[in-house]
There are 2 protein chains.
Amino acid sequence: MGERTEHTPLERTLQLVGDRWSILIIRAALRGVRRFDDFAADLGIARPILTKRLTRLVEGGVMAKDPYQEHPPRYEYRLTPAGVALSPALVALIRWGEHHLADGDSPIVLVHGPCGTELEQGFWCRTCATTFGPTAIRAQSATTQPEHDSAQRDRTGP
Amino acid sequence: MGERTEHTPLERTLQLVGDRWSILIIRAALRGVRRFDDFAADLGIARPILTKRLTRLVEGGVMAKDPYQEHPPRYEYRLTPAGVALSPALVALIRWGEHHLADGDSPIVLVHGPCGTELEQGFWCRTCATTFGPTAIRAQSATTQPEHDSAQRDRTGP
DNA sequence: GGTGTGGGTTCTGAAGCGGAACTCGGTGGG
DNA sequence: CCCACCGAGTTCCGCTTCAGAACCCACACC
């Protein structure tokens, strides 16, 4: 049996959200869906699978299960900050589908809300003050300097 | 039998690469793996599954199957430009795993090759010359004005 | 006290996945 | 000429996961 303890970050990420539904659940949550039945209706997912996926996402820190009323104890599932941090991945997948899987029936694009311009997504180096493509990416151990707090936040850009 | 013809870009993307192996196959291809047996050995994937995944990725335009020698006819699988265009999604998933699924054993980060600074990834609006977070994203039809549901509820900050 | 609602759990099949063994064309060595 | 070998799959079998529908249960409302 597979003793591969999925050691790379990508493998661990895919263990958590790399199935057919988790990403769609997260997208629904980003749109404001919170309750079990709303997820089920919105996604068309089988309810037992939804139970399992939500449980796994909660255990993985992507979502949180909070009571929203007491007496009939009812819960809602919200994205944690870690869950919201998956947005760039979602957006990348959506954009890729838009540009490379167009069926001609629904040309929908993601835009910057305030101005309506189609958004772009790229890699940005703070030091060089430049954007760059995938060929300039290198993986590197961070043992010497555990600088983990970079977080893509609203900034003024390149 | 789900007759849902997966109409949104995200659903179509996940139909193609939203299984347990496709993303890992694409990562291996980005690292230079090209041949059937090399994929099998590198990933530890069962060979019948690898056959199916490679076939689907070729049909989906993500990879191309080209002969690399004639007389014993042998083929290699390369990423197409569309396949390389999935890099931002891969990088987003890798970075998320690095930052939110750290097990303390392998702190590896992605850096800008030339200078070694950890890369950032964000949404960029050419018109406003600014980067922004997920709450400022809106989905909009590319042909007409924004009639597609605003797709965004109020959320706590990113 | 019956009905409705939200949030699940049990039951079935039907897919998909994993492992090993087998096939098939061609090549190279003895 | 014969046999081993290599790359690229395909078959066969067993196990795990998924999908669908039905069912359960605690409570609230009428």
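Student: How far does a polar side-chain atom of B:Trp21 lie from a phosphate oxygen of DNA strand C?

Tutor: The model is a predicted one, and the distance is computed from its atoms. A polar contact requires N or O atoms within 3.5 Å. The polar side-chain atom of B:Trp21 and the phosphate oxygen of DNA strand C are separated by 2.8 Å.

Student: Which residue has a polar side-chain atom 2.5 Å from a phosphate oxygen of DNA strand C?

Tutor: Consider the residues that surround DNA strand C, of which there are 21. The closest are A:Arg47, A:Tyr75, A:Tyr77, B:Arg20 and B:Arg53. Among these, the residue with a polar side-chain atom 2.5 Å from a phosphate oxygen is B:Arg20.

Student: What percentage of the atoms of DNA strand C within 4 Å of the protein is accounted for by sugar and phosphate?

Tutor: A sugar or linking oxygen of DNA strand C lies 2.9 Å from a side-chain N or O atom of A:Arg74. Of the atoms of DNA strand C that come within 4 Å of the protein, sugar and phosphate make up 65%.

Student: Which helix of chain B supplies at least two residues of the surface near DNA strand C?

Tutor: Chain A contributes helix H3 (36-43), helix H4 (47-59), strand E1 (63-69) and strand E2 (74-79), each with at least two residues. From chain B, the element that does so is helix H4 (47-59).

Student: Let us turn to the other DNA strand. Which residue has a polar side-chain atom 2.7 Å from a phosphate oxygen of DNA strand D?

Tutor: The nearest of the 21 residues around DNA strand D are A:Arg20, A:Arg53, B:Arg47, B:Tyr75 and B:Tyr77. B:Lys65 places a polar side-chain atom 3.2 Å from a phosphate oxygen of DNA strand D. The residue for which this distance is 2.7 Å is B:Tyr77.

Student: How much area do chain A and chain B bury between them?

Tutor: The size of an interface is often given as the accessible area lost when the parts come together. Here 87 residues of chain A are in contact with 85 residues of chain B. Carbon and sulfur atoms carry 62% of the buried area, which is about 7700 Å².

Student: Which residue of chain A forms a salt bridge with B:Arg126?

Tutor: The rule finds two salt bridges across the interface of chain A and chain B. In the bridge made by B:Arg126, the closest N and O atoms are 2.8 Å apart. Its partner in chain A is A:Glu120.

Student: How many residue pairs are in polar contact between chain A and chain B, and which element gives the most to the side of chain A?

Tutor: The count of residue pairs in polar contact is 24, with both residues at pLDDT 80 or more. On the side of chain A that touches chain B, 43 residues are nonpolar, 26 polar and 18 charged. With twelve residues, the element that gives the most to this side is H6(A).

Student: Which residue stands opposite A:Gly122?

Tutor: E4(A) and strand E4 (residues 120-125) of chain B run antiparallel and are joined by five bridges. In E4(B), the residue opposite A:Gly122 is B:Gly122.

Technical notes. Residues are numbered from 1 along each chain as its sequence is written. Chains are lettered from A and ligands numbered from 1 in the order in which they are written. This is a predicted model: local features need pLDDT of at least 70, side-chain atom pairs count only at pLDDT 80 or more; totals for chains, interfaces and linings use all residues. Side-chain values use heavy atoms; hydrogens and water are left out. Contact means heavy atoms within 4.5 Å. Buried area is the accessible area (1.4 Å probe) that two parts lose on being put together, summed over both. A salt bridge is a side-chain nitrogen of Lys or Arg within 4 Å of a carboxyl oxygen of Asp or Glu. A polar contact is a pair of N or O atoms within 3.5 Å; within protein, one must be able to donate a hydrogen and the other to accept it, and residues adjacent in sequence count only if both atoms are side-chain atoms. Helices (H or I, at least four residues) and strands (E, at least two) are DSSP runs, numbered from the N terminus. Ala, Val, Leu, Ile, Met, Phe, Trp, Tyr, Cys and Pro count as nonpolar, Asp, Glu, Lys and Arg as charged, and the others, Gly among them, as polar. Two strands pair if DSSP finds at least two bridges between them. A residue is near a molecule or strand if one of its heavy atoms lies within 4 Å of it.
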